[in-house]
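Trainee: I would like to go through some side-chain assignments and the criteria behind them. Where do we start?

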Amino acid sequence: MGDAFQNIGGTSSSADFLEWNFTIQANGTPWSIEEAMTQLLAYENAEGFTLPLATAIQRDGEVIHELGRRRKPTAVAALRAFAAMSTVDTQRELARTYADKLVAEGLPEPPWVDQIGQVRVDGCWWAHDPFGETAIVLCAFSYDGDDEHGILAMIDRTLGGGLFRELTLGTHPAEWLETVLNPGSEGFVGEPLDPAYARRLFEDAVATSDELIENREYQPRPVPRAYRKMRALTLARARALADVPAPAESFPGTVELELLKRSFLASGAASALPGGDATDRALDLLVMQFVEQAACHPLQLGPRRVQAILGLPALATDAAADPEVARLLPEVASAWISWTATERGLPADAVERLGRITEQSCADLRAGIAGSAGGA
């Protein structure tokens with residue numbers, strides 16, 4: 001939570017701080033309560049130091065239990081704020097249960113209890129590139145026209161379920177709309193977005209960002225400076241977008257992968273490849289890199305994914321161990337990527353751009369294989 005909260009030791013003192021905070025904001029608006037709770041749930045101090053998320057979540061649970069034992073109106077208010085803004089399903093339910101119990105015992109509700117979190121979704125829009133590698137998402141909200149605000153996010157979808165590269169909160173979302181609908185970037189298309197799909201984009205990006213930002217070995221750059229301070233609000237607004245997120249795209253299983261390989265080998269894109277076991281082995285190695293090493297669908301390829309996957313040292317090393325595969329792999333990769341572009345129906349300019357990147361990446365792959373073979 002905030003500086004004061006983080007610097008106070010002990011669950012009881014932390015609950016005291018929360019009660020003090022809600023004494024100050026006793027007559028706040030639902031929006032001001034949500035903003036304040038989001039800052040508290042950031043567990044970040046003024047110098048940018050943050051508690052690990054696992055530690056923060058454990059502390060939240062302890063504080064909720066402590067508040068549930070206190071027969072005070074400020075404890076009810078803090079619990080209602082947790083119930084609206086906590087990032088953990090079980091903690092929201094626990095806070096709600098404790099608050100209901102205290103109210104049943106005669107304690108008063110805070111004046112904003114019926115409105116907190118009850119935002120209206122005023123619209124969702126996004127801009128996306130033809131390869132599915134980048135999404136710029138804008139979702140606008142208000143309390144029936146009051147306290148308008150919006151979340152604008154740039155999500156890098158080449159990593160896991162998506163990684164936040166930018167995350168911004170604004171109180172005039174209409175000012176961003178024209179930029180999203182007419183992004184002016186190469187190949188980007190702006191259009192309205194299904195709120196359930198927007199929820200999945202936000203929640204997937206939070207999950208990936210949490211995992212990578214907390215991983216000291218990774219530490220992605222750039223990391224949105226506001227990420228921790230907006231994390232709770234982003235998840236709360238994601239829940240407001242739809243009762244459930246849109247289902248994730250299905251990842252191919254073993255049977256589907258084999259069918260994709262057969263379709264490729266029977267296509268015109270593979271017609272120049274020699275038949276035989278060596279081509280099959282090269283294709284197996286390539287697809288395995290897509291699925292197991294890069295964790296991406298082998299059809300969903302764009303310039304950055306191609307550069308990353310064909311540049312994996314493990315791919316060159318594994319290929320170099322089999323001279324026949326080493327000779328064929330760059331040609332197999334080039335043909336596969338060309339075939340995926342046709343299968344997806346990419347526009348001509350996107351196909352051309354992908355082709356340029358593929359040519360350079362395959363040249364780099366050949367050099368990597370040669371270097372691995374020479375060092376063997």
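Mentor: With a charge over a ring: Arg237 lies over the face of Phe141. This is a predicted model, in which local features need pLDDT of at least 70, side-chain atom pairs count only at pLDDT 80 or more, and totals for chains, interfaces and linings use all residues. Residues are numbered from 1 along each chain as its sequence is written, and side-chain values use heavy atoms, with hydrogens and water left out.

Trainee: What makes Arg237 count as lying over the face of Phe141?

Mentor: The term requires NZ of Lys or CZ of Arg within 6 Å of the ring centre and within 35 degrees of the ring normal. Arg237 is at 5.7 Å from the ring centre of Phe141 and lies over its face.

Trainee: Why is the pair of Phe22 and Trp112 called tilted?

Mentor: Rings of Phe, Tyr and Trp (its six-membered ring) pair if their centres lie within 6.5 Å; planes under 30 degrees apart count as stacked, over 60 as edge-to-face and the rest as tilted. The centres of Phe22 and Trp112 are 6.2 Å apart and the planes are at 40°, so the pair is tilted.

Trainee: Which parts does the pair of Phe22 and Trp112 tie together?

Mentor: Phe22 lies in helix α2 and Trp112 in the loop between α6 (89-104) and β1 (120-128), so parts that are 90 residues apart in sequence are tied together. Helices (H or I, at least four residues) and strands (E, at least two) are DSSP runs, numbered from the N terminus.

Trainee: Why is Phe17 called buried?

Mentor: Buried means under 20% relative accessible area, exposed over 50%, partly exposed in between (1.4 Å probe, protein chains only). Phe17 has 11%, so Phe17 is buried.
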